[in-house]
Structures are given as C-alpha cells and as structure tokens.
Amino acid sequence: MKIRVRSDILHLYRELHSWVGILAGLFLFVAFYAGAISMFEQPLQDWATRPPVLPAPVSLSRTPELIERALAAHPEAAAGYSVILTPAGAHPARLEWSDGGGRHHHGRGGATVFAALDDHGALVTARQPASTAAGFIDVLHQQIGLPLPHDIAMPIMGVIALLYATALTSGTLVFLPTLARNLFSLKLFGSAQKAWLDLHNLLGIFSLPFHIVMAVTSVVFAFHEQVFVVQHLTLSTPPAMHRPHPAAGAPPVAALPPDAILAAIARQAPGVAVDSIDYLQSGRAMRISVHDPRYSLRGPTSGFATVDPSTGRILSRDYLPGQQPRGMSVITVFFALHFGSFGGTPVRVLYLLLGLGGAALFYGGNRLWVVARRRREQRDGRVRDSLGTRLLDRLTPGWSFGCVGGCSAVLCAAPLVADNGSGSVFAALFYGVFTAAVALAFVVPQRLSEQAPLWLASVLTLAVAPIAVLARPVSSGALLLAGAALLLGAGLAALARRSGRREVPLTSRHRPRPVQAA
Amino acid sequence: MSAGTATPIPTAGWSARLLAGLLTGAALSLGTMALIGRLLDCVPSPQTVGAQALMWLVAPIWCAVMAACVLFRSAARAWIVLGGASALVWLGWWVVQEIAA
C-alpha cells in the first residue's frame, strides 16, 4: 500500500501533532484513566456504599403500604420518591427519596433517606449520603482532572477535546505513508524510542475509531449548553412551547401502585427491564428508569420514559430503549458510543481496555516527545536538556502515575471513610497523592523520575485488592475489583522494574531515521 | 489553499493559524447550525430530534476546521477565508430569518 502525502504537509502535520499532543496529552491521560474506571461507576458505588441497617425490603404488592406510612411520617417526600425494583448496593431499600433537594448531580448530592417496614409493619428509615468515591472519579473524567467549577472546567475540556481531534487527524496523516511498513513491526525490545513509537502507532491506529468517537462526542458534551443557547437565540420558538406546565395546577391524582405500573409497562414495552419508578410532584408525574441490553441506552447506565401515573400509559418513548422514534434512536447511538452503554458487560470491559489503552497512548506520546526533543538537542550540540525537555521528562510520569495512584487511593478509602465520604475527603486524597507523585518525580535523580511515581502508583493500586475483599462482605464484584487491582498493580510494578534500567542511549547500532510521530 | 500550487506550505506559524481555526471554527459551525436549523424550521428545544441533530452537527464541522486551518499559508489568509465563510453563513441565516418574519 502506497499513500503519498506531500512532504511539506507531512512536515507541518508532524510538527502540529507533536505540539498539540503535548498540550493535551496529560489532560487526556486523566480523562481516559478516570473514564476507564467510570465504566464500572455503578458497581463501584454499590461496593463502596456502606449499607444502612434496615429490615428486608417489603414485597412489591406491600409497597403501597410502605409508601403510605412513609408519606404520613415524611410529607416532604411527596415531592419525589423512588420505588426500587431490585434493592441492592447503593439502593438497598424498596423506597428512597432525596432530602438534599433534587436529584444528585455530578456525584455531589445531599443524603438519601431509605425506608422499610419492620415485622410489625412499622416504618423504619435510615438517612445516609451515598458514597461519592465513584462519582468523584467520574467528575475527574468529565473535567479532565481540573479542580474547577463545572461551568469553567467544561469549556476548557472542550478546547482540549478539539486539540485532541486535531492530534488525531494529524497523527493519522503522518502515520499513513508508512502504514504498511510499520503496522506489524512492533519491536518492544529495541531502543526505548522505537518501542514507544511502535506502541504509540499500533495503539493509535487500531483504536482510531474509538478515539474519533471520543473526540467528537466530548466536544458536544463540553459545549452543549452554549449550543442550546445559540439555538434559542437563532431559531424561532413556536408559541405552543410557552404554555405552562400542565401538571402545575392540576389536582393530585391517584397514582397507580408500582405493580400496576409494571404490568402496564410490560404490556406496552415487552422485554424492557424497569430499574426504578419515580413518583414526582405528589403523584402528578412519573418517570421510569429502565435498561435493556439489546439496545443502546441514552444515559451511562439506563434509558428513561415518562409515564401517566394514573393509567400507566407511556407518554414519551424518546429515551425508551427499543421503543424510540427512529431519529431519537440514531441520536442515542452517539451518546451510547461514548458511554459504552450498549451490549452490556462485554462492551464495558472492552471500553475499560480501550480507555486504559488510550491512557497508554498519551503517556507514550509524551515520552516520545521528550526522547525526540532530547535527541535533537544533543544533535545541536547541547550537553544538558533544555528547560522544556527537563520539565516534561519529569512532569509526564509524575502527573500520569500520580493520577493512577490518586484514583487507587480514592478506591482504598472509599469503603473505610465515615459517612460514605462526605464533603471533599476524596478530592483532598486524590490531589494529595497526585501532588506528592509530581513532587517525587521532580526531586529524585533523573533516572528515577519515572520509576519513583510508578512504584507509588503500584503500591497504592495493589492496596486496593485486600481492602476490596476485607472491608465489605465478599461479593463477585469485590473479587473482580481485587483481581483487576492486582493485575494493574503488578503491571505497574513490572514497568517500574524495567524503568530502573537506563534508557538506551542513541548509538550507531540504530540506523538514524526520521521520527514519525513525535 | 494548496491545490495546484507548488510552493510548500510553511510549518512555522502554525499556532496562529490553529488559533484562527479554533475561533472561526466556532463561528462557522454554530452559524451552519443556525442556518440549517432555520431552513428546516427546527424548534430550539433539547427534547426534539431536530435540536439534538443540530447540536451533533457542530462538533464534526469544528473538528474539520481545526484540522484543515493549518493548511493556509498564513494566519491572515486563514482569518480572511474562514472568517469570510462564517460571515456568509451568518448572513444566510439573517436573510432566511428576515424572509420568515
């Protein structure tokens, strides 16, 4: 295969790729590593949340009795309460409502009140905040690690996503002419530079579709609020849209009990599994959260539908998996491709691996930048690295493995902290470890600047394993988490051992050739 | 741009061209969204397919502008051509809006 690209364009895009990559690479590392973990946000939250002490959930047919007692004792819950179909993990009770006002957003919500009935039919409630550990890692992912207010972090993320898209196109273009020659020539044991370059190219080209999806969807996620503002300013609103909310003035209606709602949903949307039924506005409105592994889901873990509470009739199928109008189902695919919310667990595992592969791609890209720059500087007669080379040489491992170690520290603390981790305990922990790793990379001698943060990340990651199985009753989820932590921790330790050996200096052994990706 | 000419595109100065692409890319992609939304009479409500599809249109256009803008020979050219294209698109939106009103 011969693909010709003009040499001036090739040179231009090579330069562009290397600079845009170095600008965005470290932020993207955080986004991809935290995003990979977030593929299992819900099971992690289930594992991390300390369950309240409550009687066993009542049957679905007795749930109306539970609701009646709960509303009598807590009239404020009428504004919105949820019936959970299979209580477990972070949703341990049949009935729950939020007393923090509104639904939880971005992992920082108020507390949840869980309600149950004891053997004598008396109401028992437990109030506790949900674990914020998994939510913290998700926000870290969304905000590319920036500890800033959401409104400020998101546009910055958007610019990084645009740079990422630019790095993808330029990198692909630079790699294309040598595609056939380099595709299957992975040499992990030669010069450090050749190994990083081969790995970078291989990861890049084989996960290119995934990266294109991530770049484009992230631009949308970053700027969707601004885009809708522009739409409001530039498109005409039909007068019908200004009508008041129909439910606002209507008298309270008798909402159907959960089992009747379920029966009605099963008739209208066979095969859809209902996870929870939200009774909203004193029973005037209703929303169901559902999942269906046969179809793409609009949200990270679920699809939605609004339902008439008095009849159980589905009012909007726009986000109901398998029932959507064709246009909406196409739009949903875009979201699902980012969230990996299609095809169930196998796709989530694949996305976890692709996410980790992405993080490795960016780490390798930064290493290549340093090695190529150092070589050019040596060729120009410099004896010492320039400031930029030195900075990135140390910042890259400190930042990247600080992120890995910080996430592991958060997972270590998740089941141990009081109140399931209220306030900013996880943020303090993550940025503490992160800062320590960066500092470590800068204070140790140069040959240890990669090894030291690697060991730190390895030890913290390995520590997740015993905590996973000891801090909570053993479950398959806890065992899988422990296994993953052992595997990753051992991998980091292996990298650390290898990193101890000095980088192979450039000698005549290696035929000098142009650096392709850096 | 580069078609048919033999003079090479300079590498130096790519950052100013990229900045031009970043900013005009926003104007061009949002303008295209507004124009198409007007032409198809889309409703600015996030709950509608039209508004959602228009939102998804913005990202690929912006990304494409970012990738292509460095191919201009200078930042000035990038500003003139991409800025001109943005102005045209917004002018088109204004004309369609005036006709509809």
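Two residues are in contact here if their C-beta atoms, placed from the backbone, lie within 7 Å. Keep that cut-off in mind as you click through this predicted model.

**Stop 1: the two chains**

Colour by chain to begin. Chain A holds 15 helices and eight strands, and 45% of its 518 residues are buried.

The C-alpha trace of chain B spans about 45 × 25 × 20 Å along its principal axes. Of the 101 residues in chain B, 40% are buried. Among its contacts between residues at least 6 apart in sequence, 79% join residues at least 24 apart.

**Stop 2: H5 against H8 in chain A**

Select residues 150-175 of chain A, which form helix H5, and then residues 208-234, which form helix H8. The axes of H5(A) and H8(A) come within 8 Å and cross at roughly 155 degrees. Angles over 145 degrees count as roughly antiparallel, and the two helices are therefore roughly antiparallel to each other. The crossing of H5(A) and H8(A) is left-handed.

Which residues of the two helices meet? On the H5(A) side, show side chains for A:Met154, A:Pro155, A:Met157, A:Gly158, A:Ala161, A:Leu162, A:Tyr164, A:Ala165, A:Leu168 and A:Thr172. Facing them in H8(A) are A:Leu208, A:His211, A:Ile212, A:Ala215, A:Val216, A:Ser218, A:Val219, A:Ala222 and A:Phe223. Colour this selection by class and you will find 15 nonpolar, four polar and no charged residues. The spacing along each list is worth a look too: an α-helix has 3.6 residues a turn, so residues three or four places apart point the same way.

**Stop 3: across to chain B**

The contact is made by A:Val230, A:Gln231 and A:Thr234 from H8(A) and by B:Leu30, B:Ala34 and B:Gly37 from H1(B). Sorted by class, this contact has three nonpolar, three polar and no charged residues.

**Stop 4: A:Phe334**

Zoom in on A:Phe334, which lies in helix H10 of chain A. Is A:Phe334 buried or partly exposed? There are 19 other C-beta atoms within 10 Å, so A:Phe334 is partly exposed, since a buried residue needs 20 or more. Leaving aside residues up to four places away in sequence, A:Phe334 touches A:Thr217 and B:Trp56. Draw a distance between the C-alpha atoms of A:Phe334 and A:Thr217: they are separated by 7.2 Å, although the two residues are 117 apart along the chain.

**Stop 5: two positive phi angles**

Head for the loop between H4 (133-142) and H5 of chain A, where you will find A:Ile144. A:Ile144 has a positive phi of about 40 degrees although it is not a glycine. With 25 C-beta neighbours inside 10 Å, A:Ile144 counts as buried.

For a second example, select A:Gln281 in the loop between strands S5 (273-280) and S6 (285-291) of chain A. A:Gln281 is not a glycine either, and its positive phi is about 50 degrees. With 16 C-beta neighbours inside 10 Å, A:Gln281 counts as partly exposed.

**Stop 6: helix H14**

Finish with residues 451-470 of chain A, helix H14. Its 20 residues reach 29 Å from the first C-alpha to the last, close to the 28 Å expected at 1.5 Å a residue. Because 14 of the 20 residues are buried, H14(A) is largely enclosed by the rest of the structure.

Technical notes:
Residues numbered from 1 in each chain as written. Chains lettered and ligands numbered in written order. Predicted model: local features only at pLDDT ≥ 70, side-chain atom pairs only at ≥ 80, totals over all residues. Helix = DSSP H or I, 4+ residues; strand = E, 2+ residues; numbered from the N terminus. Expected span 1.5 Å × (residues − 1). Buried ≥ 20, exposed ≤ 12 C-beta atoms within 10 Å, placed from the backbone. Axes fitted to C-alpha atoms, helices over the stretch in contact; angles between N-to-C directions. Nonpolar A, V, L, I, M, F, W, Y, C, P; charged D, E, K, R; others polar. Parallel < 35°, antiparallel > 145°, perpendicular 65-115°, else oblique. Left-handed = near helix turned anticlockwise from the far one by under 90°.
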